Amino acid sequence: MSRKTRKIPLHEIAHARAGDKGNTSNVSVWAYDPGDYPLIKAQLTADRLKAAFPGLIKGRVDRYELDHLHGLNFVLADALEGGVNTSLGLDSHGKSWSFLVLGLEIEVPDNRA
Amino acid sequence: MLRLGCGSGFSSDRLGPAIDLAEKGRLDYLVFETIGERTMAFGHRDRKADPRRGYNPQLGQRMRGVLKACRRNGTRVVTNMGVANVAAAAELTVAIARELGLSGLKVAAVEGDDVTAMIGPETRLFDHHDKRVDEVGLAVVGANVYLGVDAILPALEAGADVVITGRVSDPSLFLAPIMHRCGWRRDDWERLGRGTLVGHLMECGMQITGGYYADPGRKDVPGLARCGYPIAEVEEGGEAVITKLADAGGMVSPRTVKEQLLYEVHDPRAYLTPDVTADFSKVNVGEAGANRVAVSGASGRAQPETLKVTVGFDGGFYAEAGVSYAGPNAVARARLAANILRERLGPDEIGSAPLRIDLVGVNALHATADLAIDDPDTSMPADVRIRAAMRSADRAACEMLLWETESLLCCGPAGGGGYRGQITPSVVTHSALIPRGAVKPSVRMLVA
């Protein structure tokens, strides 16, 4: 039996915070509801992030899991145009990275409340 | 139990709520954390322009704001507001203490983070594809090692009322007072891991009391405009409760604490500081009352054998200029303006410096400039601004960027207005490692 699904923005089920060290950004992603954490963990892989922002993330993406707190930590190497003192971008810290990630879509069961 | 407050989480953080903490927080220690990679570079830039400067520009206002209350309440101040000029910062603090009639106030200047002399052309930059310093092609303006508790503890032991440092690891500003008060051994890695967690959670100020958090409709924060700075209540064993003044705005919740737990953290099992390899992977975060969150479960392993150094290079000048367009076809006119700048600012005008042009309101934030520029969904904002930026050692090239952008008012697309442009000195930074043993911190006590 195939289960119907629909796509929702990650922003509906998770919150996130971005930080920077040199040219590396990290984005932690936290499920509001622990029940959504397995879905997020299964779909929001390091490879998915790397593939979603090909022009922005020049290096590798690593993911660390804090299952007991229902959070994931993504470390995006070479993702800040050289870092806060080198980038020519407006947001040279990459503070806005958290909401770029929250714009990704997650597939949830159609009958999810 | 020990009460620590954080009165700033970055260079330009608010002053008023820090005064509230000094007056009403019943604090043992008030910490001001003010250095980032960006503001360390600014410190070098300022000191280069004027050898009497280079410390935190708000140091005077902060000290005038809190020193009296701190003395009255028995609160000691620990801060890295010395940035690139600890001596000048300590002297100014002593002068302010005298002005305020705080005779006998002991101010410790903690130095030794300036390791410029240890950085040579062959020093490797681990954050820059392991390139050598001389391959960067820019002059070194200064290099600062991240000192740790070993630099701060002697100042506390000598009875300093105010401890002023330059570059130290941010959590160390909190860990040192905790160790000093609780008598933890320097190799009690587990407790040092717990104290480092407290420092890490506190070091960004309001980022744990509702700042950098609010998302209307999803994460609402009460009274964000009058947000309070955090307070940590730390037990002898290192367990802690994070809270705030009851009448301050903002909030402390498991969610605000969790977001801060991994802020600027890579591997949660190995958060490296000069003091310890802290492990945050098993941290528990639990509600312990209104605006009270208990944290426990951090641990640690032996400290790293090398220390991180931020090397600042003279980046010449940073130029930024922009013009805005509004109403129908605004994006097309802004794109035309961008193309005009690209056509007119070639190698003859600005040399080989990369020119960055964003459309603010369409696609400007964080390098998205080249991604969505043709996206029809984003073609109808109410207004849009082109923003051009470049970095060059040649000030005349930077001035040409400003001139050409301003010229767009008369010579560019229809309806362009709101030109602004500025040129500021620039310091570019990279990171290196040096052996721990090569670093010799020192303490000098000044008395008001």
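Helices (H or I, at least four residues) and strands (E, at least two) are DSSP runs, numbered from the N terminus. The structure described here is a predicted model, in which local features need pLDDT of at least 70 and side-chain atom pairs count only at pLDDT 80 or more, while totals for chains, interfaces and linings use all residues. Residues are numbered from 1 along each chain as its sequence is written, and chains are lettered from A and ligands numbered from 1 in the order in which they are written.

In chain B, T123(B) is found in the loop between strand 4 (106–111) and strand 5 (124–125). With 19 C-beta neighbours inside 10 Å, T123(B) counts as partly exposed; a residue is buried if 20 or more other C-beta atoms lie within 10 Å of its own, exposed if 12 or fewer, and partly exposed in between, with C-beta atoms placed from the backbone. Residues up to four places away in sequence being left out, T123(B) touches R132(B), V133(B) and A432(B), where contact requires that the C-beta atoms of two residues, placed from the backbone, lie within 7 Å. The C-alpha atoms of T123(B) and I434(B) are 9.2 Å apart, although 311 residues separate the two in sequence.

P17(B) belongs to helix 1 (residues 16–24) of chain B and is buried, with 24 other C-beta atoms within 10 Å. Beyond its neighbours within four places in sequence, P17(B) is in contact with C227(B), G228(B), Y229(B) and A248(B). Between P17(B) and M206(B) the C-alpha distance is 9.9 Å, for a separation of 189 residues in sequence.

Strand 16 (residues 306–326) of chain B is largely enclosed by the rest of the structure, because 17 of its 21 residues are buried. Strand 16 of chain B pairs in the antiparallel sense with strand 19 (residues 417–435) of chain B over 16 bridges, two strands being paired if DSSP finds at least two bridges between them. In this pairing, F317(B) stands opposite P425(B) of strand 19. Strand 18 (residues 383–392) of chain B is joined to strand 16 of chain B by 10 bridges, also in the antiparallel sense, and V384(B) in strand 18 is the bridge partner of Y325(B). Strand 7 (residues 140–145) of chain B pairs with strand 16 of chain B over five bridges, in the antiparallel sense; here V140(B) has F313(B) as its bridge partner.

An open sheet of three strands in chain B has the order 11-12-15 with antiparallel pairing. Its edge strands, each pairing on one side only, are strand 11 (271–272) and strand 15 (299–301) of chain B. Strand 11 and strand 12 (residues 277–279) of chain B run antiparallel and are joined by two bridges, and T277(B) in strand 12 is the bridge partner of L272(B). Helix 7 (residues 189–202) of chain B packs on the sheet and touches strand 11, strand 12 and strand 15 of chain B; the direction of helix 7 makes about 120° with that of strand 15. Axes are lines fitted to C-alpha atoms, for helices over the stretch in contact, and angles run from 0 to 180 degrees between N-to-C directions.

Helix 7 of chain B also packs with helix 6 (residues 172–182) of chain B, at an angle of about 135° and with the axes 7 Å apart. Helix 6 and helix 7 of chain B are therefore oblique to each other; angles under 35 degrees count as roughly parallel, over 145 as roughly antiparallel, 65 to 115 as roughly perpendicular and the rest as oblique. From helix 6 of chain B, S172(B), L173(B), F174(B), L175(B), I178(B) and M179(B) meet L192(B), G195(B), T196(B), V198(B), G199(B) and M202(B) of helix 7 of chain B. This contact has eight nonpolar, four polar and no charged residues, with Ala, Val, Leu, Ile, Met, Phe, Trp, Tyr, Cys and Pro counted as nonpolar, Asp, Glu, Lys and Arg as charged, and the others, Gly among them, as polar.

Between the chains, 30 residues of chain A are in contact with 37 residues of chain B. Strand 2 (14–21), strand 3 (24–31), strand 4 (61–66), strand 5 (71–76) and helix 3 (97–102) of chain A each supply at least two residues of the side that touches chain B. Strand 2 of chain A gives the most to this side, with five residues. The residues of the side of chain A that touches chain B divide into 11 nonpolar, 14 polar and five charged.
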